[in-house]
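This briefing is intended to be read alongside the sequence and the three-dimensional structure. Please keep both in view while working through the points below.

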Amino acid sequence: MIEVENLSKRYGDKLAVDRLSFSVPAGTVTGFLGPNGAGKSTTMRMIAALDEPTTGRVLVNGKDYRAATAPMAELGILLEAKAVHTGRSARNHLLALAQTNGVPRRRVSELIEMVGLADVAAKRVGGFSLGMGQRLGIASALLGDPRVVILDEPVNGLDPEGVLWVRNLLKALAADGHTVFVSSHLMSEMALTATRLVVIGRGRLIADTTVEEFVSRAGGMSVTVRTPEVAQMRSLLLGPDITVTSDASDVLQVRGLTAEQIGLAAWQARLPVFELTTQRASLEEAFMQLTDDSVDFRSHDARGSYGAHDGTHDGARDGAETAVA
Amino acid sequence: MSAVLTSEPASARPARPAGPVLKVTQARVLVSEFTKFRTVRSTVWTLLVAVVLMIGISALFSAVTASQYHTFDAADRATFNPVSISLSGMMFAVVAFGVLGVLMISGEYSTGMIRSSLTAVPRRLPVLWGKLAVFAGVIFSISLVASVICFFLGQALLNSHHLGVSVTAPGALRSIIGAALYGTVSGMIGVALGALFRNTAAGIATFAGVFFVIPPLTGLLPASISDHLSQYLPSYAGDAVWGGARSVTDALSPWTGFAVLCGYAVVLIAAAAVRLRRVDA
């Protein structure tokens, strides 16, 4: 369990992380998404107590990580940048880390086997490929069998087989009750691995929700209606919580109604319909939409109460969508 | 990479290690730091260079002094100290110790290793204490052995011209141990500089500046100033404990000089500790 409360980090003039609050529960894989420079790595470094927050605090398993008696049993982290002395062998790197917390030597060997570095464990890390470095980083994160596992871009540089392995590993860790917090810029990867999402942009919280909810909230479902009677169709469908926008002269995008409801209404009103298509936004589209700088509501809805609708949000979102279209 | 990876979660996660209770202790961090120290190839090479410099240059100075003694004037003969001549290689070995000290920390910053180290030990300071203890232990042991070899080798060479003294001569034992202490504490200043600058080049340049560039420069100052200043420089103060072959007016007494050197080390280490604790890794 990770609890982030009102966390900010300022570097000179730049506010890299801006009053972030979210929590990462145990037993699930939580994805951490945001465009480059959104503050993901800075946030992760603050969780691991490598960087001191400008404001706010972080609790790892309910405690201040710096005060942990066995830090490696509480939290293991793979940082995006390599964090290994290039002149040391993989085995000695892991051994040195293991010794600080009293992790037994056989655990080092187990992990070397597990991440598939047995053949190169005696070689100096300086010669490792990006993928091998990632495997070593994952091994060091898991040394103390920590309750919280944080991985910054773990699939970076991995071959497809490695990607699959990481995916299964994360799921297995979560199923075993660990807290798994993983950042990625690969939306498709997140869709396959994560069940929860924390999304940030420009250091601010955009969403703290489930993957499903995120997709339906952001892109939601919309229905494309092609009809020659655009004006009549629009007035027929409009109602509370229903938005209708137009991309082309004979096409309407309808939100808040299902294709069935629209088809039935059109049939009853004797309006011709040439096309009726349900559009489901992908995680990727949802992400692009929500992190797009032109989207205004993000700054208002930073507190993440996605259940509550209000006019400002919908209005701003529709405006953005019309602009995109 | 040829290793075959399995995709089954079962094999992807070995069982939680049964038995040992994980906990960070200063002793464990020290063991870890010793592992780090001995598993980087450059450490071994730098130490080897230090020992070769120390023994080789000491022997060279002893041999040259022995063969040239007959050309010395009365003043040179009056200040002739067979003990410090036989240990003079320490003046140069200290470069290697300083570099090694700086690298011990700056190497972690340049490679990013420091982030792994501090995540494993988020209290941070045990890492610095561990590094200093390992460094001091290893450097003192090695330089003491080298110092003893230098002494006996040097006296043997000087004895070819009947200039050598025995280990029981006044100040001989103190100088042998003192040379090792000087090398150790100077190197610890290097460790502190590495932690302060977090950068190899800056750390080594500062160390070299303080130990090798500034001392001769004080000779350019008017004697009225330099005579009250130069004996307090880290290198000259430290030289006092082993009779380092440098002429300083009003040199400090051996242990006062060593205490001054230790004072510099303590201040720099304290600053390094504050910086390590307070500043983002």
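Chain A of this predicted model contains 13 helices and 13 strands. Of its 325 residues, 48% are buried.

**Contacts within chain A**

- When contacts in chain A between residues at least 6 apart in sequence are considered, 68% of them join residues at least 24 apart.

**Where chain A touches chain B**

- The contact between the two chains involves 56 residues of chain A and 40 residues of chain B.
- On the side of chain A that touches chain B, two or more residues each come from helix H2 (71-74), helix H3 (90-101), helix H4 (105-114), helix H5 (130-142) and helix H6 (160-175) of chain A.
- H6(A) supplies the largest share of this side, with nine residues.
- Sorted by class, the side of chain A that touches chain B consists of 29 nonpolar, 15 polar and 12 charged residues.

**Residue B:Leu125**

- B:Leu125 belongs to helix H8 of chain B, which covers residues 125-159.
- Apart from neighbours within four places in sequence, B:Leu125 is in contact with B:Ala273, B:Leu276 and B:Arg277.
- B:Ala273 is 148 residues from B:Leu125 in sequence, yet the two are 6.6 Å apart in space, C-alpha to C-alpha.

**How H8(B) meets H9(B)**

- Helix H9 of chain B comprises residues 172-197, and its axis comes within 8 Å of the axis of H8(B), the two crossing at roughly 150°.
- H8(B) is therefore roughly antiparallel to H9(B), since angles over 145 degrees count as such.
- The crossing of H8(B) past H9(B) is right-handed.
- On H8(B), the residues that make the contact include B:Leu128, B:Leu132, B:Phe135, B:Ile139, B:Phe140 and B:Phe151.
- On H9(B), the residues that make the contact include B:Ile176, B:Ala180, B:Gly183, B:Gly187, B:Met188 and B:Val191.
- By class, the residues of this contact between H8(B) and H9(B) are 16 nonpolar, five polar and one charged.

Notes. Residues are numbered from 1 along each chain as its sequence is written. Chains are lettered from A and ligands numbered from 1 in the order in which they are written. This is a predicted model: local features need pLDDT of at least 70, side-chain atom pairs count only at pLDDT 80 or more; totals for chains, interfaces and linings use all residues. Helices (H or I, at least four residues) and strands (E, at least two) are DSSP runs, numbered from the N terminus. A residue is buried if 20 or more other C-beta atoms lie within 10 Å of its own, exposed if 12 or fewer, and partly exposed in between; C-beta atoms are placed from the backbone. Two residues are in contact if their C-beta atoms, placed from the backbone, lie within 7 Å. Ala, Val, Leu, Ile, Met, Phe, Trp, Tyr, Cys and Pro count as nonpolar, Asp, Glu, Lys and Arg as charged, and the others, Gly among them, as polar. Axes are lines fitted to C-alpha atoms, for helices over the stretch in contact, and angles run from 0 to 180 degrees between N-to-C directions. Angles under 35 degrees count as roughly parallel, over 145 as roughly antiparallel, 65 to 115 as roughly perpendicular and the rest as oblique. A crossing is left-handed if the near helix is turned anticlockwise from the far one by less than a right angle, and right-handed if clockwise.
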